[in-house]
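Hi,

Here's the structure I said I'd pass along.

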Amino acid sequence: MNSLFVIRNDWSFDGDGDGSVVLPPTDSSTDLESGDDDDDDESQVEGFTRSYDFGSISLVWVKKFIGSAHMSYEELLALGERIVIVNTGLSEEMMSKGLIETIYCSSNQLQEEGTCVICLYLLYGPFHARLIYSMIWEQTQNPSWCLHILLLCALRGLVHQLWFSFCNMLFLTRNCRILQQGIDFKKIDREWHWDNFIILQAVMASVALLSFPFLENLPSWNTKGIMCCIVIHVGISEPLYYWFHRLLHTQYFFSHYHSLHHASIVTQPFTGIPILGTCLYGHGSISMIYGYILVFDFLRCMGHSNVEIIPHVLFQIFPLLKYFLYTPTYHNLHHTEMNTNFCLFMPLYDSIWKTINTKSWDFHERTSSE
């Protein structure tokens, strides 16, 4: 009989959908008092920690069995940083049939094996080379598109780093934190390469510019373009993201792809249709591209910050605003109760398709008033 440590959940392991975890009754007093550690289940092997996905529940092997109870989500959340270990009542062979194994390296191994991480930044080399070439030999008056890509990448990295620094300034955020748990080393290891997506999107932007040469000659400002970008985002990007996000929460896509994102209950700031669509309509501008990307990153970081910065009084003054702007507490509920709050930035679509968490507004009011 194996004991499992729950590190991520939607609290439906018992299968009856009542939002609780059922643990079989056993007498754990002997293990608690004696601290017997003879039963080596290989929870630590050469610096590795084995974790598993079972449906939408993430589990880690442990050596000791601490106890059992019938615990609701609120009771588990109230445990804070204390360890919760679940006795499944299943043998290792039975569990292995339904589990997909993922290996996470320890911090030391990550540093040893990732000594060449800096090599990833060499992918920016061609952009610098093209920029220098255009400045010296071509002598064009308009800045090279490589300059805009490099500036956007630097600004995006700065937005994420500022949010990360702010979230960890406890003297500023202690009373605004949504969950008080700390951040473990496995989370740091998982998010070590958090900026890979910026490098990838820089390469994608260069491909788009080579595919659509007219993008090199965009004006600095276009008022119609700003309005067009907002309309496309609200009417296409938001509902498209909503349904794609729900697809990622189906059993296959969640266990194979999306589970890594949900491995963290305590979230941090470290997840182009409107831009391309607006440009194809002929209303694109450089300010629209910079504005949309940086506002997108700002809102994304805010939602994963674990710090509530939006006062509830704002929604009392403007009641409809809560359907057009999500909050960190709103998205945090998605990470703790995963079958709700799927929207990108606008809870309107959760409300339309009946997936909004009924606790959202009360939770926000309680958190922002503390």
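This is a predicted model: local features need pLDDT of at least 70, side-chain atom pairs count only at pLDDT 80 or more; totals for chains, interfaces and linings use all residues.

Let's start with helix 12, which covers residues 273–280, and helix 13, which covers residues 286–303. Their axes sit 10 Å apart, and the packing angle is about 165°. Anything over 145 degrees counts as roughly antiparallel, so that's what helix 12 and helix 13 are to each other. As for handedness, the crossing of helix 12 past helix 13 is right-handed.

Which residues make the contact? On the helix 12 side you'll find Pro274, Ile275, Thr278 and Cys279, and they meet Met288, Ile289, Tyr292 and Ile293 from helix 13.

Now for the loops. Asn341 isn't a glycine, yet its phi is positive, at about 55°. You'll see Asn341 in the loop that links helix 15 (328–336) to helix 16 (348–352). Is Asn341 buried or exposed? It's buried: the relative accessible area of Asn341 is 0%.

Lys354 is another non-glycine residue with a positive phi, this time about 60°. Its place is the loop between helix 16 and helix 17 (360–369). With a relative accessible area of 72%, Lys354 is exposed, whereas Asn341 is buried.

Cheers

Technical notes. Residues are numbered from 1 along each chain as its sequence is written. Side-chain values use heavy atoms; hydrogens and water are left out. Axes are lines fitted to C-alpha atoms, for helices over the stretch in contact, and angles run from 0 to 180 degrees between N-to-C directions. Helices (H or I, at least four residues) and strands (E, at least two) are DSSP runs, numbered from the N terminus. Angles under 35 degrees count as roughly parallel, over 145 as roughly antiparallel, 65 to 115 as roughly perpendicular and the rest as oblique. A crossing is left-handed if the near helix is turned anticlockwise from the far one by less than a right angle, and right-handed if clockwise. Contact means heavy atoms within 4.5 Å. Buried means under 20% relative accessible area, exposed over 50%, partly exposed in between (1.4 Å probe, protein chains only).
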